[in-house]
Amino acid sequence: MHKRWMSGVMVGVLLLSACLPVCAQQAPASDGIRTEAPVVVQGEQPGPGLWLVRSGSHELYILGTLTPLPARMQWQTAQVQRVLANAQEVIRPPGVRLDADVGIFRGLLLLPRLLAARDNPDGKTLRDVVPPATYARWQVLKARYLGNDAGVEKRRPLFAAQALYVAAIKKNGLALKDPSTAVIEAAIKQHRPKVTVVEHTIVVNDIKSLLKEWSRTTLDDQACFDNTLAWIETDLDAMRARANAWATGDVAALRTLPPPYRWEACRNAVTEAGIGKRLGFADAYAQVRKKWLDAASAALAANRVSFAVLPLTDLLGPDGYLAALQAKGYTVLDPDADDASDE
């Protein structure tokens with residue numbers, strides 16, 4: 001029986017500075033880090049609307065998702081629900097997963113080993129594996145966002161960076177939860193459209209050997225750790241600005257604000273390691289991108305109305321999915337375009 005082990009550990013952080021007027025005035029902090037009060041929008045908000053891709057009379061609506069978002073925002077979902085009610089097909093976000101062929105009981109027995117794989121080999125701590133100047137920066141940020149968490153000191157820099165990121169966004173009035181998931185799943189259950197799963201699967205037949213190899217592997221994740229510290233030190237204002245722009249439907253701001261932290265250095269620490277290359281992570285993301293574009297083309301050919309979800313980081317920009325669809329000859333309209341309506 002296939003179980004999705006390891007994906008949360010090996011690629012958990014793959015999950016994934018101008019300031020809008022709603023950002024608060026900067027204030028000094030006692031630890032010397034530049035800070036702003038965590039002022040983000042609250043209450044009912046429209047979200048960014050839907051991008052529209054057309055091929056003749058056939059339409060593909062795309063919701064661009066973003067994390068983190070304001071924790072106390074209630075997303076107005078009327079437009080998305082109307083499109084989903086008429087959609088013949090829903091294309092899920094593309095992804096890469098790692099499957100291991102293990103039974104449920106054997107799998108549960110492996111879980112402690114799986115969790116231990118987050119830690120540095122040979123019992124080393126962060127102090128042992130990162131440069132002194134970087135560790136000093138880490139201590140300041142850790143005290144601020146994680147407090148006296150001793151366990152995180154044992155983690156590989158990649159996973160320590162992830163823990164710090166999660167704590168920082170929570171303290172700034174934001175949340176990682178994607179509000180679109182529940183809405184889309186409810187609509188699929190109610191309206192029964194065709195559901196297309198776009199993913200690249202890497203199958204591991206010997207999970208025990210893989211875990212043993214992973215626990216001994218040293219990752220080149222210094223850049224991941226350093227980049228994450230720098231992002232938290234300097235870019236929290238832009239993060240809140242992006243969250244507010246998504247919530248209020250300000251597409252122009254979403255296009256012009258600095259892009260969210262992309263985690264490339266953290267992802268590369270896994271995919272470029274020997275174990276990552278051997279498993280096939282090196283080209284997995286290119287393969288899943290092609291699969292999604294093929295699925296979108298098939299949906300536009302077959303359906304009057306289709307619906308898809310993509311992270312904004314993948315959707316926008318010169319190398320984004322929208323640009324690729326436009327290059328294929330499709331008409332692409334922003335949510336605020338006059339004729340980009342679902343009515």
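1. A residue is called exposed when its relative accessible area is over 50%, buried when that area is under 20%, and partly exposed in between. Arg 192, at 67% relative accessibility, therefore counts as exposed. The model under discussion is a predicted one, and every remark below should be read with that in mind.

2. Helix H7 itself spans residues 180-191. Its twelve residues reach 16 Å from the first C-alpha to the last, close to the 16 Å expected at 1.5 Å a residue. Ser 180, Val 183, Ile 184, Ala 187 and Ile 188 are buried in this helix. These residues lie on the same side of H7, because they cover an arc of only 130° around the axis.

3. Which elements do the buried residues of H7 pack against? The partners are strand S6 (58-65), strand S8 (73-75), helix H2 (78-86), strand S9 (89-91), strand S12 (194-196) and strand S14 (305-311). Strand S12 contains Thr 196, which is buried, with a relative accessible area of 14%. Neighbours within four places in sequence aside, Thr 196 is in contact with Glu 89, Val 90, Ile 91, Arg 92 and Ala 295.

4. Strand S6 also takes part in strand pairing. Strand S5 (residues 51-55) pairs with S6 in the antiparallel sense, over five bridges, and Leu 52 stands opposite Tyr 61 in S6. The two strands form a hairpin with two residues between them; in the turn, Gly 56 has a positive phi of about 65°. Leu 52 has Leu 333 as its bridge partner in S15.

5. The loop between S6 and strand S7 (69-70) holds Pro 68. The peptide bond leading from Thr 67 to Pro 68 is cis, with omega near 0°.

6. Turning to the aromatic residues, the count comes to four pairs. One of these is formed by Trp 75 and Trp 246; this pair is tilted, with 5.8 Å from centre to centre and 55° between the planes. Trp 75 lies in strand S8 and Trp 246 in helix H10 (residues 236-248), so the pair ties together parts that are 171 residues apart in sequence. Trp 75 counts as buried at 13% relative accessibility, and Trp 246 is buried with a relative accessible area of 1%.

7. Another aromatic pair joins Tyr 165 and Trp 231; this pair is also tilted, at 5.3 Å centre to centre and 45° between the planes. Since Tyr 165 lies in helix H6 (residues 157-171) and Trp 231 in helix H9 (residues 222-234), the pair ties together parts that are 66 residues apart in sequence. Both Tyr 165 and Trp 231 are buried.

8. A charged side chain is also placed over an aromatic ring. Arg 289 lies over the face of Tyr 321, at 5.0 Å from the ring centre.

9. Where is Asp 122 found? The residue is in the loop between helix H3 (104-116) and helix H4 (126-129). Its phi is positive, about 65°, although Asp 122 is not a glycine. With 75% relative accessibility, Asp 122 counts as exposed.

10. Finally, Gln 139 has its place in helix H5 (residues 132-145) and counts as partly exposed, at 37% relative accessibility. Gln 139 and Arg 127 are twelve residues apart in sequence, and their C-alpha atoms are 9.7 Å apart in space.

Key. Residues are numbered from 1 along each chain as its sequence is written. This is a predicted model: local features need pLDDT of at least 70, side-chain atom pairs count only at pLDDT 80 or more; totals for chains, interfaces and linings use all residues. Side-chain values use heavy atoms; hydrogens and water are left out. Helices (H or I, at least four residues) and strands (E, at least two) are DSSP runs, numbered from the N terminus. The expected span of a helix is 1.5 Å times one less than its number of residues. Buried means under 20% relative accessible area, exposed over 50%, partly exposed in between (1.4 Å probe, protein chains only). The arc is that of the directions from the helix axis to the C-beta atoms. Contact means heavy atoms within 4.5 Å. Rings of Phe, Tyr and Trp (its six-membered ring) pair if their centres lie within 6.5 Å; planes under 30 degrees apart count as stacked, over 60 as edge-to-face and the rest as tilted. A charge sits over a ring if NZ of Lys or CZ of Arg is within 6 Å of the ring centre and within 35 degrees of the ring normal. Two strands pair if DSSP finds at least two bridges between them.
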